Amino acid sequence: MELPFAESWKIKMVEPIKKSTREEREQWMKEAHYNLFNLKADQVYIDCLTDSGTGAMSDRQWAAMMMGDESYAGSSSFFRLKEVITRLTGFEYVIPTHQGRAAENVLFSHLVKNGDIVPGNSHFDTTKGHIESRKAFAIDCTVDEAKDTQLEVPFKGNVDVKKLEKVLAENAEKVPFVIVTVTNNTAGGQPVSMQNLREVKAVAEKYGKRVIFDSARFVENAYFIKTREEGYADKSIKEIVKEMYQYADGMTMSAKKDGIVNMGGFIATHHEDWFEGAKRFCIPFEGYLTYGGMNGRDMDALAVGLDENTELDNIETRVKQVQYLAAKLDEYGIPYQRPVGGHAIFVDADRVLTNVPKEEFPAQTLAIELYLEAGVRGCEIGYILADRDPVTRENRFGGLDLLRLCIARRVYTNNHMDVIAAALKNVYDRRNEIKHGVRITWETELMRHFTVHLERIED
Ligand code: F0G
């Protein structure tokens, strides 16, 4: 008999989690104004809100923390981190930051000016925020396939090179760089192929432009290249990562994802002018150049995390767990963005709660139902998150309305995946009885999903 796949680690330390009753959850949800961000973490049984900063560090990472050098300048932890980043990516200039959005803030302060245009593949919210707050424009050039959740194509995160070329041809002088997010979080944790990275670099070069990778989940992306793209099956994850970064001029990184640390980030590049420019903003915004927002011990943990996660055993365990959960949903017929990506399941709420009109926010309603069912906390990536049109102030219903269930790295077992799937199935089985969603009672102008107040609409 063939042995089944199992985790490439065993557990040395555990953290208790608490179940609750449906009555308790009803009460808590009401107190939280039906916004899952307002719940206290101990009111949650299985937390799938995000995979950011929620991973479990290894014994080697904890051991490395004891070696942290907290010197203000010239910390040896920084040089250990820099060595790993340079070895993995080829970039010799490294600036640590306290998280991914801080890396964007520092680098974009140097690069993005009023009226600029930054093309990319579904810019992450903070990336878009750092572009738009500088009165520049983020132009989404993701392939159209990403919009059809049921279409089964291997690299749904790709940049549509024709769309990109059009933006460059029409506005080259306004484009400071092209940004490629690997994997494409907003499109469902969908990967970008090596072929696409190569093409993007070639088109950008044709117009004399540089390319940045928003690299939060670059290892998951490398794993998908290895398992889905011709010619990469026999290459190591580290070899694939090295090749990916040949097609980039620099990277911004949220280390809270594929660095498997709870806080941290960095900028890396091989261009001295970008390094010099970013340095000027690192010092006032983040801190001195050899710590830039991180503790010495955290830089050591990150150095080990990056090295460890770019080994096949570790990343395979991670992606296979997400695929395990997806296979359960397939068994129950629950529709999600296919094929499942690297860090999360994105349930297609519009296809599940067909009786709930879009004005009543189906994905948020599904997130509430799932929490009430079993204490599982997901996150709406849909109409509430899309905010209102800045001019008409109408809700934006043009995109997808998804419930994202993120899987934290090395935190939950497959038994927890079974619970998530069963809870979702129970909600799915009574989907036709769910006729109403929620209405907004209070909201902010931008990024309203974090703080919005909602109430349930009754018959
Ligand atoms: N880029 C991508 C693709 C991200 O997913 C995130 C964060 C960031 C940049 C910003 O990094 O949080 O360290 O400042 N994504 C989290 C999420 C918050 O839940 O998807 P950060």
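Mentor: Ground rules come before the labels. This is a predicted model, where local features need pLDDT of at least 70, side-chain atom pairs count only at pLDDT 80 or more, and totals for chains, interfaces and linings use all residues. Residues are numbered from 1 along each chain as its sequence is written, and side-chain values use heavy atoms, with hydrogens and water left out.

Trainee: Why is the chain called as compact as a globular protein of its length?

Mentor: The chain has 15 helices and 14 strands (DSSP runs, H or I of at least four residues and E of at least two, numbered from the N terminus). Its radius of gyration is 22 Å, close to the 23 Å from the globule rule for 459 residues, so the label holds. The radius is taken over C-alpha atoms, and the rule is 2.2 Å times the number of residues to the power 0.38. Along the principal axes, the C-alpha atoms fill a box of roughly 60 × 55 × 45 Å.

Trainee: What share of the residues is buried?

Mentor: Buried residues make up 58% of the 459. Buried means under 20% relative accessible area, exposed over 50%, and partly exposed in between, with a 1.4 Å probe and protein chains only.

Trainee: What makes a set of residues a nonpolar core?

Mentor: The members are buried Ala, Val, Leu, Ile, Met, Phe, Trp, Tyr and Cys residues, joined through side-chain atoms within 4.5 Å. The largest such core here has 58 residues; Phe213, Phe218, Met244 and Tyr245 are among those that touch the most other members. Helix 8 (residues 218-228) gives the largest share of this core, 6 residues. A second, separate core of 50 residues includes Phe361, Ile420, Tyr428 and Leu454. In soluble globular proteins, nonpolar side chains tend to be buried together.

Trainee: Which residues does Tyr245 contact?

Mentor: Contact means heavy atoms within 4.5 Å. Leaving aside neighbours within four places in sequence, Tyr245 contacts Thr89, Phe91, Phe213, Ser215, Phe218 and Met251. Tyr245 is one of the buried residues of helix 9 (residues 237-246), as are Ile237 and Glu243. The buried residues of helix 9 pack against several elements, including helix 3 (76-89), helix 7 (194-206) and strand 7 (250-254).

Trainee: Why is arginine 338 called buried?

Mentor: Arginine 338 has 19% relative accessibility, which is under the 20% limit, so it counts as buried. Its place is the loop between helix 12 (312-332) and strand 9 (344-348). Beyond four places in sequence, arginine 338 touches Thr149, Gln150, Leu151, Glu152, Lys156, Gln190 and Asp330.

Trainee: How do you know that lysine 256 is buried?

Mentor: Its relative accessibility is 11%, so lysine 256 falls under the limit. Lysine 256 lies in the loop between strand 7 and strand 8 (265-269). Its contacts outside four places in sequence include Asp51, Gln99 and Arg409. Lysine 256 and glycine 55 are 201 residues apart in sequence, with their C-alpha atoms 7.8 Å apart.
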